[in-house]
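Please look over the protein chain shown here before turning to the notes that follow.

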Amino acid sequence: MGNCNLEDDDSFTRPLTRCSVVYYGVGHMLNDITASCWFTYLLIFLTDIGLSPRDAAIVMLSGQIADGFATIFTGELIDRFGHFKIWHGAGSILVAISFSSVFGGCLPCTIFSNTSSALETVSYSTFAAIFNIGWAATQVSHMSMVNCITLNSTSRVVLASCRNAFTMVANLSLYAVAFVVISVTTAKTHANIENQYRWIAYVSIFIGCCFVVAFLLGTKEPSLKIGVQGSRHERIAWSYWFKRVLYYQVAVVYMLTRLVVNVSQAYLAFFVINDLGMAPSAKALVPAIIYISSFIVSVSLQEVPWTGRRLKAYFSIGGIIWVFCGVVVLILPSNLNGFVYILSIFMGIANALMMVTGVSMQSVLIDTDLNGCAFVCGSLSFLDKMSCGIALFVLQSYQNIEIDIASPMQATNLSSMYISVTRIGLGLLPALCALVAVAVTYTMKLQHPLSKPLVEPLLG
């Protein structure tokens, strides 16, 4: 629908320059560094200041729900009116203003001199929702830009892999900031804890905003949408996508991929501290290894000439690796906790393979139907946010429950086997999601009709 024969039009299909790729890749840094803080530290922060695990889950769920609906709304408006950079800039401003309040203490509690858990939950949930609305506007505009910057399928994958590489940079930056802040401050009271996370948020926002400015200055507003479709206000009806089998396949794969990455990230710190009994420094070191290995793989993927078959193959490899990682998480005893450092390398590799190829499948789905690209990105993100929010809510509601899988007659203090909710969140759920995603990927029919090889390595 709306396709024209553009394969020989070099202005649409020529490879992108190295600078263009890098400027685009840094555009999601503010979202990435705040999202890393959101998934890694929010549950720990809220429980540290006195909220119950269930109330902490409600706060995260409220943000995920707001994010999910905002992605649909933003996607529709972008498809109607365009202006990717305006949406990106506005969303970034809202993120920068609101994110510090998520970790900044309970403002209504101070105003009304009331520290009830109900008021705290409502306060944190409100700021979490506002933050996620801005986050959604930035995410949808940035993701959908890929398809309007170029029709070269290999360049589209390169843009996605560069973005994923800078996601790893953002995550590593967060852990560096957190390490410094926690090292130079004390956290003996709730006020001290709030102050620590407030400074982590402030510094993270500053770093992210610097990269947002670089993106806005270095990236041009895409004009490809006008060139292909002829009118900026022309749009593709939702029903067009709902009639395509590939839409549902890509949606399921993307949703499951995000579940693998986000849920595992949320429970990683709980796993290394509570289940394996490792030192507090492991909370930073293990994730850092994951992100470093993901960064290396993401950069390496930029040099691959991509086809539909390669997308499916690389995604399947990442999914199979995650299945094995999930099994290890379920059975790894605390006396072999050092093995988690090796495991984290494979987790990072699997995350990069699945994320880069999973996101790139969206571009294959969109192809040249550019006036529906924001709806596709928004609707898929909606599924991602809702599924992650519900999964984390359910898991966190039962965080203190251990599921005994040994016979009551056989169980002893030394030999009883159990699976903690943390191991389910980090091991079982991601492994099952990865397995189903690989099965769905196998059924896909992916083609790249507008693909030309790169003339130079983009990050080499």
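A residue counts as buried when its relative accessible area is under 20%, as computed with a 1.4 Å probe. By that cut-off, 57% of the 460 residues of the protein chain are buried, in what is a predicted model.

**The chain as a whole**

- The secondary structure of the protein chain comprises 17 helices and 2 strands.

**Helix 4 and helix 7**

- Helix 4, which covers residues 53-81, packs with helix 7, which covers residues 117-149, at an angle of about 30°, and their axes are 7 Å apart.
- Because angles under 35 degrees count as roughly parallel, helix 4 is described as roughly parallel to helix 7.
- The crossing in which helix 4 passes helix 7 is right-handed, and the residues of this contact comprise 13 nonpolar, 13 polar and 2 charged ones.

- S387 belongs to helix 16, which covers residues 373-397.
- The relative accessibility of S387 is 15%, and S387 therefore counts as buried, since the cut-off for buried residues is under 20%.
- A polar atom of the S387 side chain lies 3.0 Å from the backbone oxygen of D384.
- When residues up to four places away in sequence are not counted, S387 touches M255 and L259.

Key: Residues numbered from 1 in each chain as written. Predicted model: local features only at pLDDT ≥ 70, side-chain atom pairs only at ≥ 80, totals over all residues. Heavy atoms only, no water. Helix = DSSP H or I, 4+ residues; strand = E, 2+ residues; numbered from the N terminus. Buried < 20%, exposed > 50% of the residue type's maximum accessible area, 1.4 Å probe, protein only. Polar contact = N/O pair within 3.5 Å; in protein donor to acceptor, adjacent residues only side chain to side chain. Contact = heavy atoms within 4.5 Å. Axes fitted to C-alpha atoms, helices over the stretch in contact; angles between N-to-C directions. Parallel < 35°, antiparallel > 145°, perpendicular 65-115°, else oblique. Left-handed = near helix turned anticlockwise from the far one by under 90°. Nonpolar A, V, L, I, M, F, W, Y, C, P; charged D, E, K, R; others polar.
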